[in-house]
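Hello,

Here is the structure we talked about handing over. My notes on what was found follow below it.

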Amino acid sequence: MDQARPGRDILDRALRTSWLAALALAATVAPGRPRDAAAILAGQLLAFLHFTSLRKIVKLFTEGRRDRRLALMIAAKVTLVYGGLAALITLGGVRYVPLCAGFALPFLMLFLKSIMLALGAGPASLTARRATETARSLGNAAKPAVFLLLLGVAALLAFSALPGVALADEAAHGAPATHDAAVAHGGAAVAHGDAAQHNEEGAAELPNWLVILHDFNPGNPLVSWLEKNQVIVFAWIAGLLFLLVSWLAMRKPKMVPGPFQNAVEWMVESMEEVCGGLLGPQIDKHFPLIGALFFYILTINMLGIIPGMKSATSSLDLTLALALITFLYVQFWGIWNLGIVGYLDHLAGSPRDAIGWAMLPVMLPVHVLGELAKPVSLSCRLFGNIFGEDTLIVVFVGATALLIKASLVALAVPPMAGITALFMMLQTLTSIVQALIFSLLATVYLYMMLPHEAHAHEEAHETH
Amino acid sequence: MLFPAALGLGLPLGIGLAAIGSGIGIGFLGKGAMEAMGRQPEILPKLQVAMIIGFGFAEALTIYAFVTMFFLQGRIG
């Protein structure tokens, strides 16, 4: 943002991103190997110190104040960063790989940001307004940075070449058995072996962040609990997201709504309109459940599109629970509105004449079975659609991974990524349509149960 | 015929047959809806809702076959 010191923002951005990356990495590793997490953070801290002091030195140097302060800064920097690194390695007994990973993170981020800048893929303001200035002044900082990065990579290679040091140790940790299982399953680079093992249906799944967390911390009880109950966890995440959006939108409701409130109100109102067309004026009483079902299922379905997340509806457990809630709700309102006798009469097919009573032994089981089939069909439809769509994407990702494994990267990635993106668009459509169908069918079932005019009743019987 | 072999032949065939049925059903629905839309464009919103519900019912049949396949897939061997 500061025009006087251009070049600062890209460095700041890179440092900020690298802090986030380091924290995420450390959090992933932490429960199983706290020492490695600490090493990553220490490396990141040292690299951060390195960059901030380097910036200070360059600033002092270009301003022409080449006095004692500059020399002191340089000495302090060298002592702090390189001395710190040396001390950590020799005294602290830290493993090289996490330390080097932590130390290389800011370099990597700076490198990536520079590539982004060069390709013009950065934010519009960055490329349009500041690109030339930033690139010019970045030259000063980037040259030593790249030099140090190369030095770091060379050092890492040198260390790994030594027999019996860190990297070999790391490779042994990486459990080749699970990796082979993943390859056999068609998901070498992306799908982890664990994902296949934990799935009861025997079909592959893309690993989500819980599975990855579990792979890194196999022994941790909390992590393995989360991993075992991932459907619930992702359902919770979706629920929290849903609550957060509704709370944010309706925190301070205004007569003339802002854009956010407007968007949410539009969604809710159009859904209410669609259901109201079926249910009539009674929609006011039932929309809380139906609307909640729609938006909750929509949130869960859409969550699966984000990499590392999973649609909780691709498990029959969750969809069956939702369908049973709908079923009990519909039956409750049926009994409430029709009364016990009216409800039984409805189940018997409303016999009014001799033929009706004669057909009773046939009609009653048919109607009861029809009622019981509703939750089954509701849950299986949602589960099958979402799961099928997920499986389709897994198959294509797995094929891509196999091609990458056969080192056909150039052949594999662009068309495969295109096909997968196409299927993801289809997944978006499926998510919306399935959420809509679930809630609309719930509305229809409710409509069949509620008392209405004679012709509507006949219609309801035809649909059975 | 061995049970796994029978499953391996039967499951994909079953899905295909179910898909034929669903496809015919959805096709008829879509045809009817399109014709109605062309004749009376003003009923579009109501028509769409009914059409999507119909699609849901027709599609469910294939989904049942699909779910059956997933439950039995592990036993192909």
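The secondary structure of chain A consists of 19 helices and zero strands. Please keep in mind that this is a predicted model.

Chain A overall

Chain A has 464 residues, of which 38% are buried. Its accessible surface is about 24,600 Å², and carbon and sulfur atoms account for 73% of that. Among the contacts in chain A with a separation of 6 or more, 68% are between residues 24 or more positions apart.

One position in chain A

A:Ser431 sits in helix α18 of chain A, which covers residues 409–449. The relative accessibility of A:Ser431 is 1%, so this serine counts as buried, the cut-off being under 20%. What does A:Ser431 contact, leaving aside its neighbours within four places in sequence? The partners are A:Leu298, A:Asn301 and A:Met302.

Cysteines

A:Cys275 is buried because its relative accessible area is 0%, whereas A:Cys100, at 25% relative accessibility, counts as partly exposed.

Chain B

For chain B, the unreviewed UniProt entry lists residues 6–29 and 49–72 under "transmembrane region". These annotations may be inferred rather than shown by experiment. In the model, residues 6–29 of chain B are 100% helix and 0% strand, with the end C-alpha atoms 34 Å apart. Residues 49–72 of chain B are likewise 100% helix and 0% strand, and their end C-alpha atoms also lie 34 Å apart.

Helix α1 of chain B runs over residues 3–39, which is 37 residues. From its first C-alpha to its last it reaches 53 Å, close to the 54 Å expected at 1.5 Å a residue. Which residues of α1(B) are buried? They are B:Leu7, B:Leu11, B:Ile15, B:Ala18, B:Ser22, B:Gly30, B:Ala33 and B:Met37. These buried residues pack against α2 of chain B, residues 44–73.

Regards

Key. Residues are numbered from 1 along each chain as its sequence is written. Chains are lettered from A and ligands numbered from 1 in the order in which they are written. This is a predicted model: local features need pLDDT of at least 70, side-chain atom pairs count only at pLDDT 80 or more; totals for chains, interfaces and linings use all residues. Side-chain values use heavy atoms; hydrogens and water are left out. Helices (H or I, at least four residues) and strands (E, at least two) are DSSP runs, numbered from the N terminus. Buried means under 20% relative accessible area, exposed over 50%, partly exposed in between (1.4 Å probe, protein chains only). Contact means heavy atoms within 4.5 Å. Accessible areas come from the Shrake-Rupley method with a 1.4 Å probe; for residues, only the protein chains shown count as cover. The expected span of a helix is 1.5 Å times one less than its number of residues.
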